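Hi,

Here is the structure we talked about. Please open it alongside this note, which goes through what was found.

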Amino acid sequence: MAVYKDKERKTYYFKVRYKDMYGRNKQKLKRGFKSSREAKLAEAEFLTSIQNSFTDEVTFDEVFEHNIKHKTLKDKTIRRRTNEYNKHIKPYFGQMKAKDLNVQHVMDFKSRLENHFESLNSARTVYSNFKILINHAVKFFGLKMDPSILVEPIKRVRPKINFIKREDFEKRVIQFDLHYYKELTRLLFYTGLRVGEGLALTWNDIDLEKNQLHVDKTLDIKTRTPQSPKTEGSVGYVPFPSFIGEMLSRIKEESVQNIYGFKEDLYVFGGISPYHYAHYHKKFKKVFPELRIHDLRHSYASYLINKGVDIYLIKELMRHDDIKQTANTYGHLYVERKQEVMSVFDD
């Protein structure tokens with residue numbers, strides 16, 4: 001037992017070295033015991049408490065740090081979750097001990113998020129990340145009670161789908177007059193690709209004979225490096241119309257002529273290095289100020305639905321993980337076509 005006598009104060013103290021939950025070397029020193037026996041008992045109690053130190057001492061800052069380090073997350077996800085934590089969760093819970101969290105804290109935080117965000121879905125995202133931390137504390141550190149289970153979750157709101165009709169799109173897309181921005185925009189509209197997937201395409205991914213491309217990566221817009229796609233379901237082959245195939249063939253012919261040492265692993269849009277997302281986004285907003293780039297993906301799905309394409313085929317073309325995702329996002333477009341379907345009885 002590491003118990004010592006303080007000769008000046010005529011008291012006893014203990015000093016012990018240990019490792020915290022992160023494996024870091026720590027030292028605990030406590031003074032002021034009247035006898036050696038009291039100091040030894042206090043030391044024994046401290047060593048015992050270390051086994052369950054999380055529920056007594058750990059803060060939400062430490063839970064977040066542990067969660068981020070021990071989960072396999074993309075760099076983009078780490079940045080997003082870190083920003084959300086620092087901005088919305090840390091100011092209220094950062095230094096709070098996890099064991100002190102109660103139902104009222106959770107209810108107040110939920111209400112604050114609902115009042116702060118214009119979109120309930122944005123509030124729901126932050127609240128979900130807060131729940132992740134609580135669940136992490138329960139799973140890895142023995143937090144005994146999750147007070148959030150007694151609080152109603154933030155309701156999911158069907159997102160508003162913004163899209164552009166094909167005729168309007170074709171009239172306006174010709175306004176692009178730089179690089180292959182017009183061609184990239186048309187590819188996104190006619191394939192439903194996410195912008196990161198489009199920017200990450202190399203010529204190895206394009207099959208001009210079968211009029212299809214293969215998605216197995218997406219571009220991190222911050223680092224401009226390819227990463228694994230959004231979900232496992234995102235990986236797959238995507239067909240494109242023959243006129244998009246002709247467009248890609250023209251781009252390839254021009255690239256072969258203009259790029260010395262052309263290789264199939266060059267980027268379709270950019271060559272040796274991909275286009276800068278920020279610059280493309282700036283030019284896109286000049287042509288389509290009311291749209292997000294992602295709305296081209298919605299426009300693709302909406303066009304196919306209006307042409308009578310089955311929702312299960314839409315799910316495959318959009319590369320959703322399950323049919324619920326497709327139905328939750330685009331199901332209302334089918335509802336609007338109910339009355340049209342009744343015309344089959346008039347034949």
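Q212 stands opposite P239 in β8. This is a predicted model, where local features need pLDDT of at least 70, side-chain atom pairs count only at pLDDT 80 or more, and totals for chains, interfaces and linings use all residues. Residues are numbered from 1 along each chain as its sequence is written, and side-chain values use heavy atoms, with hydrogens and water left out.

Helices (H or I, at least four residues) and strands (E, at least two) are DSSP runs, numbered from the N terminus. Two strands pair if DSSP finds at least two bridges between them.

Three strands make an open, antiparallel sheet in the order β4-β5-β8. Its edge strands are β4 (206-207) and β8 (236-239), and each pairs on one side only. Strand β5 (residues 212-215) is joined to β8 by four bridges. The hairpin of β4 and β5 has four residues between the strands, and N211 takes a positive phi near 50°. In general, strands of a sheet pair through backbone hydrogen bonds, either parallel or antiparallel.

**The nonpolar cores**

A nonpolar core is a set of buried Ala, Val, Leu, Ile, Met, Phe, Trp, Tyr and Cys residues joined through side-chain atoms within 4.5 Å. Buried means under 20% relative accessible area, exposed over 50%, partly exposed in between (1.4 Å probe, protein chains only).

The largest core has 39 residues. Those with the most contacts inside it are L187, L213, L248 and F288. Two or more residues each come from α7 (166-173), α8 (181-191), α9, β5, α10 (242-258) and α11. The largest share, six residues, is from α8. Another core lies apart from it, with 25 residues, among them V58, F64, I68 and F93.

L187 sits in helix α8. Is L187 buried or exposed? L187 is buried, with a relative accessible area of 0%. Leaving aside neighbours within four places in sequence, L187 is in contact (heavy atoms within 4.5 Å) with G192, L193, L201, L213, I244, M247, L248 and F269. L187 and G198 are eleven residues apart in sequence and 7.8 Å apart in space, C-alpha to C-alpha.

**The largest pocket**

A pocket is an open set of points on a 1 Å grid over the protein atoms alone, where a 1.4 Å probe fits, with protein on both sides within 12 Å along at least five of seven lines; lining residues have an atom within 4 Å of a point.

The largest pocket holds about 2100 Å³ of space. It is lined by 44 residues, and the closest to its centre are R80, R194, K230, R292 and H294. Elements that each supply at least two lining residues include α4 (75-93), α6 (120-141), α12 (295-306) and α14 (323-335). The lining divides into ten nonpolar, 18 polar and 16 charged residues.

**One residue elsewhere**

Y13 is found in strand β2 (residues 11-19). Y13 is buried, with a relative accessible area of 16%. Its contacts, beyond four places in sequence, include A2, Y4, L29, F33 and A39.

Best wishes

Conventions
Grid points are joined across faces, edges and corners, and a volume is the space filled by probe spheres set on the points. Ala, Val, Leu, Ile, Met, Phe, Trp, Tyr, Cys and Pro count as nonpolar, Asp, Glu, Lys and Arg as charged, and the others, Gly among them, as polar.
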